[in-house]
Structures are given as C-alpha cells and as structure tokens.
Amino acid sequence: MKPYFFFIVIFFLLASQSSAQSCKNYAFSNNNKYAACNDLQALNSYLHWNYDEATSTVEIAYRRSGIEPTRWVAWAINPTAKGMIGAQSLVAYSNASGILRAYTSPVTTYRTRLQEGKLSFQVPKISADFSNNEMIIFATIVLPQNMTKVNHLWQDGPVIGDHLGMHSLSGDHVRSMGTVDLLSGKVVATKGEIPNLRFKQVHGLINAVSWGFLMPMGAITARYMKVFADPAWFYAHIICQTSGYALGIAGAVTGIYLGGKSQGVQHQTHRKIGILLLVLGFLQVLALKLRPSKEHKYRLWWNIYHHSLGYTIIVLSIINIFEGFNILNPVKTWRLLYASILIVLGAIAVVLEVLTWFVVIRRKRETRKTTVPAPAA
C-alpha cells in the first residue's frame with residue numbers, strides 16, 4: 001500500500017469532521033439567537049437555549065436532524081427523576097393531512113401515546129418547523145424558582161395516521177438522556193434506563209452460550225473427533241447439541257417473558273429467527289430418533305439433511321445473537337468477546353480440518369499398501 005494513502009485518509013477524516021454539523025455554527029431561518037447550545041450525544045440532536053434567571057424562563061430550540069416527515073420528535077424535562085416516567089414533553093409531528101402539530105404531553109406510563117395534556121410547569125409558547133429533513137421544536141418554558149439544573153431526554157418514533165407509535169428501545173434511543181445546567185451551559189450525558197435489563201442480560205447470556213457456543217462446538221466435535229476418537233465423538237456431539245437445545249428452550253422462555261413486558265414493542269426480526277431456531281432444533285432432535293443405520297440406503301440422504309440443517313442453525317444462531325446485541329446495545333466488550341470466541345472456534349476448525357485431511361490421506365495410503373498383493377515369485 002502506498003504511504004501517501006494514509007495521508008489521503010487522514011485528510012478526508014479531518015474534512016468530514018470539520019464539515020460536521022455543530023450547534024455553534026447553526027443559523028435559524030427565523031433569526032432566533034440563543035446564548036447556549038449543545039450537540040447532544042444521540043439521535044442527531046441539538047439543544048439551543050436562553051435562560052433568564054430572574055424569571056426562571058427558558059427559551060429553547062430542540063433540533064432533530066436527518067428525520068423523516070413520517071416520524072414524531074419530542075424533547076422533555078423530567079423534574080422528578082432521570083427516566084421516562086414523569087417526563088414533561090414537547091412533541092411535534094405532521095399528521096395525516098400534512099399539518100404540523102406542536103403540543104405538550106406529560107408522560108405517566110411506558111405505554112404512553114404522547115396524548116396532549118398540561119405539564120407541571122407553564123409553557124406559554126410552543127411551535128415547530130420542519131424542512132430539509134430537520135424538525136425543530138421552539139418553546140418558552142417557565143420553570144420553578146431555582147431549578148437551574150434539569151434532567152432532559154429526547155426521542156423520535158413513527159407516525160401511523162394520526163397516532164404516534166412507540167419509539168425503539170435499542171441503540172441511540174436508550175442513550176438519549178442527560179442533565180443540563182441552564183446557568184453554566186454544562187451538559188452531562190446519562191445512559192438511559194433499559195426496562196427489564198436483568199432479564200434481557202440473562203436472556204442474551206443463555207442464548208449466546210446455547211445457540212452461539214454449544215451448537216458450533218457440537219458441529220466441530222462431530223466433524224473432527226470422528227477421525228481421532230470414535231465412538232467418543234458421538235456422545236460428545238449429543239451432549240453439546242442436546243444441552244444447547246435445552247438451554248435454548250430456557251432462553252426462549254425468557255424471550256417470551258420479555259415479549260410480554262415490552263409495552264407493545266416487538267423486535268420482529270430477532271423474534272422470528274428465534275422461533276425458527278426452536279423449530280429447526282426440534283427437527284434435529286427428531287432426526288436423531290429417525291437416524292438409519294450406516295448401511296441403510298437412505299443414510300446418505302439423512303446425512304445431507306442433518307448436516308445442512310445443522311449448519312443452517314449455526315449461521316442463524318450467530319446472526320440472531322448479533323441482532324440481540326443490536327437490541328440490548330451492551331458495552332462493546334461483550335460484542336468483541338463473542339466475536340473473538342467465534343474467531344477462535346473458526347481457527348480451531350481450520351486447524352482440525354487440515355489435520356483431519358492429513359490423517360485421512362495417510363490412512364488411505366496405508367490401507368492401499370496393505371491391500372496390494374505381493375509380486376509372484
């Protein structure tokens with residue numbers, strides 16, 4: 001690779017950084033000016049504000065860039081906690097008639113549809129603007145005296161007709177909260193609370209071990225131990241696969257529990273792959289009962305069926321585990337750890353593949369030597 005290639009890469013990285021949007025160089029079309037602003041850490045969002053300490057009045061402009069016109073946006077202050085419950089929201093969206101609406105909505109439940117209602121503090125003015133895939137909420141808020149540091153959060157979600165759908169519960173949508181010091185302008189990011197986090201972690205761990213580790217290990221033992229340890233490979237294979245499937249059923253139970261607690265939000269791709277894996281796993285267990293003898297005329301077709309289904313399960317399992325990572329969005333260490341385990345298993349498989357072929361070829365040569373008839377005297 002040419003040395004100057006790295007300088008080209010660095011140049012483009014610097015150019016992209018310098019051209020990245022920032023709240024400090026943004027000019028509002030209505031010529032509004034704000035003394036303080038912050039580039040928020042999630043959802044391409046920006047907060048601008050003026051704070052009048054004498055009257056505890058805040059003029060805010062919340063901007064959500066890169067948003068489709070078929071989605072709602074909201075910015076909220078929570079005077080009592082750091083989570084969603086108790087948030088006092090400013091909401092904006094375009095209804096089915098294309099009319100832009102901006103209103104206030106208190107959040108009292110996780111099942112909220114952001115219905116219009118009065119907040120716990122006054123909001124004398126609220127309006128919205130949408131252009132160039134950017135929604136802006138303008139508002140004037142009168143806070144209680146001496147409330148200069150506030151918990152705030154922001155979200156977006158789908159608009160279905162005139163109804164607002166639930167926002168996502170993964171990725172940036174669980175990082176879109178923090179605290180704002182209205183006097184100093186200091187903003188502190190806070191990782192959002194994830195409902196049923198402990199159960200989600202247990203669900204992820206069980207399925208990563210069962211589908212993501214034991215199933216590939218079972219396939220490795222079946223393919224490579226057969227040459228080195230027959231018939232021990234068969235029992236090792238059965239132990240890996242049956243224990244993996246049993247744990248997979250336990251993981252499915254936790255998934256069903258989480259589905260009932262998800263406030264109407266279903267991660268459809270992850271859920272459908274999980275159901276498919278349970279069905280395919282059952283077919284593999286059933287295949288064990290229907291396994292013909294080695295000499296049977298259908299044994300070749302059974303092998304094709306069994307191996308194809310097994311490798312399909314492994315591929316789908318890995319895909320679904322990473323889909324789960326995307327939903328839960330844990331620290332990068334867990335994703336890297338699982339990826340490292342897969343790399344190690346892959347490396348072991350490559351080494352064993354080479355050794356297996358070496359042993360098989362050597363045995364064939366030895367067999368040929370012993371079967372060649374001695375030359376006639």
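A residue is called buried when its relative accessible area is under 20%, and Val150, at 3% relative accessibility, therefore counts as buried. The model described here is predicted, and its protein chain has six helices and 12 strands. Of the 377 residues of the protein chain, 41% count as buried.

**The chain as a whole**

- The accessible surface of the protein chain comes to about 22100 Å², and 64% of that surface belongs to carbon and sulfur atoms.
- When contacts in the protein chain with a separation of 6 or more are considered, residues 24 or more positions apart account for 60% of them.

**The nonpolar cores**

- In soluble globular proteins, nonpolar side chains tend to be buried together.
- The largest nonpolar core in this model has 28 residues, and those with the most contacts inside it are Trp49, Ile60, Tyr62, Trp75 and Leu143.
- Two or more residues of this core are given by each of the strands β2, β3 (57-65), β4 (71-78), β5 (88-94), β8 (134-142) and β9 (149-160), and the largest share, four residues, comes from β8.
- Apart from this core lies another one, of 14 residues, among them Trp72, Ala76, Tyr103 and Met177.
- Leaving aside residues up to four places away in sequence, Trp75 touches Leu47, Ile60, Tyr62, Gln88, Ser89, Leu90, Ile137, Ile141, His152, Leu153 and Trp154.

- Val150 has its place in strand β9, and, not counting residues up to four places away in sequence, Val150 touches Ile77, Leu143, Gly178, Thr179, Val180 and Leu182.
- Between Val150 and Ile77 there are 73 residues of separation in sequence, while their C-alpha atoms are 6.6 Å apart in space.
- Phe228 is found in helix α2, which covers residues 197-228, and with a relative accessible area of 46% Phe228 is partly exposed.
- With residues up to four places away in sequence not counted, Phe228 touches Leu355, Thr356 and Val359; of these, Thr356 is 128 residues from Phe228 in sequence and 8.3 Å from Phe228 in space, C-alpha to C-alpha.

**The disulfide and the cysteines**

- A disulfide is a covalent bond between the sulfur atoms of two cysteines.
- A search of the whole structure finds one disulfide, which joins Cys23 to Cys37 with an S to S distance of 2.2 Å.
- Cys23 lies in the loop between α1 (4-19) and β1, whereas Cys37 lies in strand β1, so the pair ties together parts that are 14 residues apart in sequence.
- The torsion about the S-S bond of Cys23 and Cys37 is about 65°, and the disulfide is therefore right-handed.

- The model holds 10 aromatic pairs, where a pair is defined by ring centres that lie within 6.5 Å.
- Ring pairs link Tyr26, Phe28, Tyr34 and Phe138 into a cluster.
- Tyr26 takes part in another arrangement as well, for the charged end of Arg63 sits over the ring of Tyr26, 3.5 Å from its centre.
- The charged end of Arg63 also sits over the ring of Tyr46, in this case 4.3 Å from the ring centre.

**Positive phi values in a loop**

- Most residues other than glycine have a negative phi.
- Leu43, which lies in the loop between β1 (36-39) and β2 (45-52), has a phi near 65°, a positive value in a residue other than glycine.
- Asn44 lies in the loop between β1 and β2, and its phi, near 50°, is likewise a positive value in a residue other than glycine.

Definitions and conventions: Residues are numbered from 1 along each chain as its sequence is written. This is a predicted model: local features need pLDDT of at least 70, side-chain atom pairs count only at pLDDT 80 or more; totals for chains, interfaces and linings use all residues. Side-chain values use heavy atoms; hydrogens and water are left out. Rings of Phe, Tyr and Trp (its six-membered ring) pair if their centres lie within 6.5 Å; planes under 30 degrees apart count as stacked, over 60 as edge-to-face and the rest as tilted. A charge sits over a ring if NZ of Lys or CZ of Arg is within 6 Å of the ring centre and within 35 degrees of the ring normal. A disulfide is a pair of cysteine sulfur atoms within 2.5 Å. A nonpolar core is a set of buried Ala, Val, Leu, Ile, Met, Phe, Trp, Tyr and Cys residues joined through side-chain atoms within 4.5 Å. Buried means under 20% relative accessible area, exposed over 50%, partly exposed in between (1.4 Å probe, protein chains only). Contact means heavy atoms within 4.5 Å. Accessible areas come from the Shrake-Rupley method with a 1.4 Å probe; for residues, only the protein chains shown count as cover.
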